[in-house]
Amino acid sequence: MELQAFLQEIELFKDLNSSELNLFCQYLKEWQIRANTHLFRENQPRKEFFLIFKGKVELYKTTPFGEEKRIALFDSGDFLGEGALLDDAPHSTSARTLVNSTILKINLKDFKQLLDEHPEISAKIISRTARVIARRMRQTTSQVANIASQYLSGRTRVEHDLLGEREVPAEVYYGIQTLRALENFNITGISIFHYQSLIEALAMVKMAAAKANHELGLLPDEIAVAIITACQEIMDGRWHTHFVVDVIQGGAGTSTNMNANEVIANRALEILGHKKGEYQYCHPNNHVNLSQSTNDAYPTALKIALFRSTQKLIQVLEDLIASFEHKAEEFKDIIKIGRTQLQDAVPMTLGQEMGAYAATLNEEVERLQQNVKLFLEINLGGTAIGTGINAHPGYSEKAVRHLAQISGVPVKLAANLVEATQDTGAFVMFSSALKRLAVKLSKIASDLRLLSSGPRAGLNEINLPKMQPGSSIMPGKINPVIPEVVNQIAYKVIGNDLTITMAAEAGQLELNVMEPVIAQSLFESIEMLKNGMLTFKFRCVDGITANRERCREMVENSISLVTALNPVLGYEVCTEISREALEKNKGVYELVLEKGLLSKEELDEYLKPENMIAPRFK
């Protein structure tokens with residue numbers, strides 16, 4: 001009976017009567033599994049359908065570089081792998097338990113048997129399954145098509161705001177203010193749904209506010225619990241597709257804040273046993289946004305999201321540094337010619353060149369760590385302009401304390417909330433650190449393009465991994481496509497920095513209304529740099545090889561070797577040797593011996609490349 005009651009609450013089985021549910025239960029198998037156990041992995045064939053009876057299951061996808069990105073978190077009553085009921089195509093994601101769990105499952109073979117023996121039951125389940133899959137596809141399509149795709153159900157609910165009433169799609173968790181923002185701000189085509197860290201940070205801020213307001217007696221127990229539960233679900237990866245407003249918008253982020261308020265309120269209403277839109281029981285403004293304004297909640301969430309995103313960026317940067325350090329060790333004994341102003345300079349090792357790249361990037365780890373700390377100062381509790389209007393005197397301290405605990409980020413309250421509400425200096429400083437990193441990455445990428453140029457008519461000192469054919473007309477041509485894309489990423493980050501600078505300057509009086517474009521620019525720069533460095537590491541740097549003989553040959557033929565003779569022969573004599581070597585197409589070694597300036601033994605010692613790559617004292 002317990003199992004039947006459980007199944008009746010699951011959407012796929014709502015059309016089954018008691019006897020049909022009892023029959024279906026006979027095909028289900030119970031699976032007791034430990035935490036960190038996979039239900040299925042990406043690219044495996046769909047063979048089973050899973051129901052979570054107890055526990056938590058994480059759905060994630062692995063990037064080409066091995067990075068795991070969480071898509072959603074499921075718990076009791078949720079189901080996964082419903083596509084197995086329709087076909088046996090491979091899974092596009094992986095799923096694993098986060099805690100010890102009880103899973104109910106039915107394999108495809110048994111379901112086909114059920115289909116053959118009881119087609120009426122199977123038809124009902126398949127019908128519901130198709131609806132679920134179609135709804136999920138609509139949610140995905142709405143991110144790349146247009147708003148009309150969100151009205152496919154035909155059912156609506158009526159909501160009202162300052163401007164009047166509107167019909168809102170019945171199945172969505174957002175409300176009328178989000179709907180208006182959807183219509184007003186079709187700007188980039190990229191919704192805040194794509195910024196997972198920002199959505200999670202918004203939920204953290206709302207949870208902290210709810211806890212603070214509850215402690216102060218401003219929020220009733222059951223409403224506080226419902227809001228906190230809804231926020232936790234969003235932090236776990238659920239309901240993100242309902243965060244639909246364009247990331248760039250007018251209103252200083254009000255549309256983003258209200259999108260969060262409405263999603264949380266409507267989910268809280270369901271938890272409380274009410275319908276979406278019944279805001280008399282839990283209101284987006286009166287309850288979810290209690291003691292807040294967009295002007296303190298939005299920048300606080302933005303800073304939390306940027307702080308957490310930067311930790312991932314730093315990790316990727318450190319991995320790239322490790323790759324250059326490995327190449328420095330691998331190439332430490334390969335002598336080559338150094339260059340200044342694209343002209344021959346003095347000998348060095350290829351390892352020294354790679355080690356310099358590692359060292360210069362390592363400086364950026366420290367710069368990022370320094371600048372991201374500026375985001376620890378927040379204005380939560382300042383409400384509209386920093387005066388704290390409509391907030392309890394004890395709210396700020398409690399909300400900030402809760403936010404630090406929830407997020408794991410050691411945030412602190414700004415000393416002057418009026419100043420903190422209008423100031424965007426932290427974003428400018430952080431953007432400059434991103435730009436500095438981008439400039440260095442672009443310089444390194446350009447160097448690698450030069451060093452690998454050729455193969456016959458260029459420097460050809462190193463080989464970059466061959467990633468793809470380079471020309472639609474020239475057979476055999478291979479281009480340095482990975483360094484080229486790193487260059488382009490850098491140009492975009494540099495452009496974003498200018499956008500952020502102008503937006504920061506444009507904040508008049510008590511508020512900077514341009515924060516949405518600041519947010520979009522910073523998130524874009526972080527994501528492009530992170531993805532670019534991953535690509536740079538795995539598809540370029542790790543696969544670099546050296547042309548040892550070519551490097552040595554250019555050193556031995558270089559006129560710049562004469563520099564090593566300065567301490568012995570003097571600058572004037574060495575200049576004359578260089579001039580004559582160029583004019584007569586002779587080598588430095590040959591001319592010095594011709595002129596009897598040094599013995600062969602002395603010359604061999606002075607011009608040994610190995611003796612010219614570090615300080616020496618004679």
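Q: In what order do the four strands of the open sheet stand, and is their pairing parallel or antiparallel?
A: First, a quick word on what you're looking at: this is a predicted model, where local features need pLDDT of at least 70, side-chain atom pairs count only at pLDDT 80 or more, and totals for chains, interfaces and linings use all residues. Residues are numbered from 1 along each chain as its sequence is written, and side-chain values use heavy atoms, with hydrogens and water left out. Now the general idea: strands (E, at least two residues) and helices (H or I, at least four) are DSSP runs numbered from the N terminus, and two strands pair if DSSP finds at least two bridges between them. Here the order is β1-β8-β3-β6, with antiparallel pairing.

Q: Which strands stand at the edges of that sheet?
A: Those are β1 (29–33) and β6 (79–80); each has a single partner strand, so one side of each has no neighbour in the sheet. For β1, look at β8 (residues 101–107): five bridges join the two, and they run antiparallel.

Q: Is Lys 29 buried, partly exposed or exposed?
A: The scale goes by relative accessible area (1.4 Å probe, protein chains only): buried is under 20%, exposed is over 50%, and partly exposed is in between. Lys 29, in strand β1, has 45%, so Lys 29 is partly exposed. Leaving out neighbours within four places in sequence, Lys 29 is in contact with Ile 103, Leu 104, Lys 105, Asn 107 and Asp 110. Take Asn 107: Lys 29 and Asn 107 are 78 residues apart in sequence, yet 9.0 Å apart in space, C-alpha to C-alpha.

Q: Which residues lie on each side of strand β7 (residues 94–97)?
A: Ser 94 and Arg 96 are on one side, Ala 95 and Thr 97 on the other, and all of them are buried, so both faces are covered. β7 also has antiparallel partners: two bridges join β7 to β2 (residues 38–40), and four bridges join β7 to β4 (residues 56–62). His 38 stands opposite Arg 96, while Leu 59 stands opposite Ala 95.

Q: What does Arg 41 touch, not counting residues up to four places away in sequence?
A: Arg 41 touches Tyr 60, His 91, Thr 93 and Ser 94. You'll find Arg 41 in the loop between β2 and β3 (48–54), and at 42% relative accessibility Arg 41 counts as partly exposed.

Q: Which peptide bond is cis?
A: Most residues other than glycine have a negative phi, and most peptide bonds are trans. Here the bond from Gly 454 to Pro 455 is cis, with omega near 10°. Pro 455 lies in the loop between α14 (425–451) and β15.

Q: Where is Ala 252, with its positive phi?
A: Ala 252 is in the loop between α7 (221–235) and α8 (254–271), and its phi is about 60°. Ala 252 is buried, at 6% relative accessible area. Ser 291 has a positive phi too, near 70°; that residue sits in the loop between α9 (284–288) and α10 and, at 4%, counts as buried.

Q: How many residues line the second largest pocket?
A: There are 22, and Ser 452, Gly 454, Pro 455, Ile 478 and Asn 479 lie nearest the centre. A pocket is an open set of points on a 1 Å grid over the protein atoms alone, with protein on both sides within 12 Å along at least five of seven lines; a cavity is a set where a 1.4 Å probe fits but cannot get out, and lining residues have an atom within 4 Å of a point. In this pocket, α15 gives the most to the lining, with three residues.

Technical notes: Contact = heavy atoms within 4.5 Å.
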